[in-house]
Amino acid sequence: MNTLATSAPRVARTASFALRAAQRVSRALLLDRSFRFWVDELAPVASRAELRACVLSVADVTHDVKTFVLAPRVWPGHLPGQWVPVEIEVDGIRLRRCYSISSPPNDPHVELTVKRVPGGRVSNWMHTHLHAGDFVRLGAPSGDFVLPEATPAKLLLLSGGSGATPLIAILRDLAHRRALKDVTYLHAARSRRDVLFARELARLSSLHPGLRVVLHLDDESPRLDSTQLWVLVPDLAHRETFLCGPTGMMDAVAPAFLGFEGRLHHERFVVAKPAAAAPGAGALIHLGRSKRSITTTGRGTLLDELEQAGERLEYGCRMGICNTCRCAKRSGVVENVLTGAISNEPDDVIRLCVSVARSDLTLAL
Amino acid sequence: MNRVLTPHEIDAFGRELDALRQEVLDQRGQRDVDHIRSVVRTMRYAEAAGRLLLHVGIDPATFALGSGALGLAKILENMEIGHNVMHGQYDWTHDPELDGETYDWDMACAAHQWREYHNFEHHTFTNILGRDRDVGYGFLRVTSEQPWNPAHIIQPFVAVGLAFLFQWGIGAHALRLDETIAGRQSVAVLWTRARPFLAKGSRQLFKDYVFFPALALANAPRVALGNFIANGTRNVWAFAIIFCGHFPEGVRMYHEQEIQDEPRGAWYLRQIHGSANIKGGRLFHVLSGHLSHQIEHHLFPDLPACRYPEIAPRVRAICERYGQSYNTGSFRAQLTSVARQILENALPSRARPARMQ
Ligand SMILES: Cc1cc2nc3c(=O)[nH]c(=O)nc-3n(C[C@H](O)[C@H](O)[C@H](O)COP(=O)(O)OP(=O)(O)OC[C@H]3O[C@@H](n4cnc5c(N)ncnc54)[C@H](O)[C@@H]3O)c2cc1C
Ligand code: FES
């Protein structure tokens, strides 16, 4: 017994050492590509080069929302409220988008709930082409739209449309931990048929007396704004609020939190793009490495403008989070549209997806 | 033969080719990815079949088939996959397996050295004497405009030797050994250039002549010989295709002073006059890595190569409209022409003016 207990880790160590050595040799002899090819050919989800997940099921939630249940090969674990980058291939090009995980951490599978955005490339592709048995590529889960370590005594989970996804994960986790003490779940939807997770909300509120579910339907009552919010949640000031929804809704309710902004936590799916014709509209962008010059219209972020000019650039989230689009700015002035910060130092590293030109620029591209 | 164009015409010529390039860029998509992946798949299956036949067979028939399949795999990998992927033709897909910066091919030349001297030097300074070191690779005299020296007398034999050892020639080309011999490059710099090549080359030798034979146990000699034949086949094939791309008669060489402030249209003209195509079917084009469309490749090195046959008739039509030659011919005709160039230029030329001016 004793020897077995001590030798097990030694066996594991030797095995992992042997595996690493084999990997080194296969790389040196250029056999690694061949190995990855055969994994892709025979068992794609087993890939060790990237994290892949098999689609277990696809279900219609509403007329324009589907839920995808995924079984990743391994899962690093996530906190309720976090998102995961999903990568798919549309017309030969890999595209990456972030999706909030709607399943709680105790769930063995990963659940994503995706709304079809009109004209959207990834959401439409997932709705039409992604079926059970296919696989998708995943990045590492991340995000700080999560409950604090000590669960607040009074909570408001406030969601609009597909913004319900991170909040349902938080709610499911609280229910699982039997921590639904005093939670208001307020969901705004266009109409009754647009309400996400309706049946589950009904079930949870009948099981947990500490949960109050409030639905706000745009076609039955005036649009949700800060006044409405105070009516629906009179003890708003005493609650820790987690808010996620469409930009318009988030902007409309924001004034309600005047004076206690610190209690408001929010997550945005879309970042408002800079207003048309930012100061200094139209700039000359010089790409140092490819020796190209591009005149911008001044209407989009640098990432949009450069893509329109035919450049193919690395990007991930397109909202200043993932740092994939980082690029050294050799000279010139850019404005960060998220923070309004101005960068005018040479060699500043900027994120193209949230930067607009405020002068002619030279970029290390 | 080539009409002299006015600066205005040169600009218009350049704009037409720019428009053609943009048209292909706008259409890039699934079709290109499907093409390259199907070539990768064919290559991997050929490789597996070749190795299997060599490793487990004992008769001459499986030996011939196995070496042939492995040779085919190496040709596809180097030419249609490696060369084109390393040009960045598929970078836009964001697929790490098709990423030009990280790809390394199954041959003796270190990928990053090739990217530097080929993608930058050869494709920027194409056929400029003294700048493009691919002109005769520094030791062959492929045009009468190169100065003759007595060593050129044996160049027909040198060329045949190079054909069989072509992968080593491509790898060693990064060393600039000739510059060290001429005293223009220090031995220390030579050594820093030699190290990646020696490392890559010895790993390749180890793989083909130690690692795989050892896996075959008693069949080791057979496997080593099969690998040798596969490498040799690939070498000779690549040599033939690449020599037909730049060294047949009629291909123009340039002098550095000619290209001062060269506008984009003139750059295009130089790529066209400095390259030659080979006629053939679809299979031939794929096996040549589409270097049978050397002209289109030089005009647009970063467009997916499978598009070259599609745009070639239009490039040719543009050339005709502007009275510019477009050098193409059958494989046999171009090879014969290259052989004649190598033989003729082995001897000093009577001071005749440069040909195609
Ligand atoms: C942290 C985070 C979590 C997210 N979680 C989810 C989620 O759980 N479920 C979900 O469905 N989506 C979620 N999203 C949004 C998602 O990442 C994509 O942006 C969305 O699916 C659209 O991608 P697309 O490729 O279809 O559209 P694109 O081709 O990128 O965009 C097409 C057009 O639609 C606009 N647009 C983009 N996103 C939206 C949107 N959400 N609503 C309205 N218009 C939009 C764009 O500005 C553009 O004009 C999340 C985004 C982030 C940043
Ligand atoms: S794309 Fe993610 S930070 Fe810009």
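In chain A, Cys54(A) stands opposite Phe135(A) in strand β6(A), and this pair belongs to the 4 bridges by which strand β1 (residues 51-62) of chain A is joined to strand β6 (residues 135-138) of chain A, the two running antiparallel. Strands here are DSSP runs of E with at least two residues, helices are runs of H or I with at least four residues, and both are numbered from the N terminus; two strands count as paired if DSSP finds at least two bridges between them.

The model is predicted, so local features need pLDDT of at least 70 and side-chain atom pairs count only at pLDDT 80 or more, whereas totals for chains, interfaces and linings use all residues. Residues are numbered from 1 along each chain as its sequence is written, chains are lettered from A and ligands numbered from 1 in the order in which they are written, and side-chain values use heavy atoms, with hydrogens and water left out.

**The antiparallel sheet of chain A**

Strands β1(A) and β6(A) are part of an open sheet of 6 strands, in the order β4-β3-β6-β1-β2-β5 (chain A), with antiparallel pairing. The edges are held by β4 (93-100) and β5 (110-115) of chain A, each with a single partner strand, so one side of each has no neighbour in the sheet. Neighbouring strands of this sheet are turned by 40° against each other on average, direction ignored; such angles are taken between axes, which are lines fitted to C-alpha atoms (for helices over the stretch in contact), and run from 0 to 180 degrees between N-to-C directions.

Strand β6(A) is also joined by 2 bridges to strand β3 (residues 83-90) of chain A, again antiparallel. Within this pairing, Val86(A) has Leu138(A) as its bridge partner, and Glu87(A) stands opposite Arg137(A).

| Strand pair | Bridges and sense |
|---|---|
| β1(A) and β6(A) | 4 bridges, antiparallel |
| β3(A) and β6(A) | 2 bridges, antiparallel |
| β1(A) and β2(A) | 8 bridges, antiparallel |
| β2(A) and β5(A) | 6 bridges, antiparallel |

Strand β2 (residues 65-72) of chain A has 7 of its 8 residues buried, so it is largely enclosed by the rest of the structure. Buried means under 20% relative accessible area, exposed means over 50%, and partly exposed lies in between (1.4 Å probe, protein chains only).

**The nonpolar cores**

A nonpolar core is a set of buried Ala, Val, Leu, Ile, Met, Phe, Trp, Tyr and Cys residues joined through side-chain atoms within 4.5 Å. The largest has 92 residues, of which Leu70(A), Leu112(A), Leu352(A), Leu363(A), Phe166(B) and Phe243(B) touch the most other members. Leu70(A) touches, among others, Cys54(A), His109(A), Leu112(A), Val136(A) and Leu138(A), when residues up to four places away in sequence are not counted. Apart from this core lies another, of 26 residues, among them Leu17(B), Phe300(B), Tyr308(B) and Tyr326(B).

**The parallel sheet of chain A**

A further open sheet in chain A has 5 strands in the order β9-β8-β7-β10-β11, and its pairing is parallel. Its edge strands are β9 (211-217) and β11 (264-267) of chain A, each pairing on one side only, and neighbouring strands are turned by 15° against each other on average, direction ignored. Strand β8 (residues 183-189) of chain A is joined to β9(A) by 7 parallel bridges, and Val183(A) has Leu211(A) as its bridge partner in β9(A). Helix α4 (residues 164-176) of chain A lies across β7 (155-160), β8, β9 and β10 (240-244) of chain A, running at about 145° to β7(A).

**A helix pair in chain B**

In chain B, the axes of helix α1 (residues 7-27) and helix α13 (residues 308-321) come within 11 Å and cross at roughly 170°. That makes α1(B) roughly antiparallel to α13(B), a word used for angles over 145 degrees, with under 35 counted as roughly parallel, 65 to 115 as roughly perpendicular and the rest as oblique. Contact means heavy atoms within 4.5 Å, and residues meeting in this way include Phe13(B) and Leu17(B) in α1(B) and Ile311(B) and Arg314(B) in α13(B).
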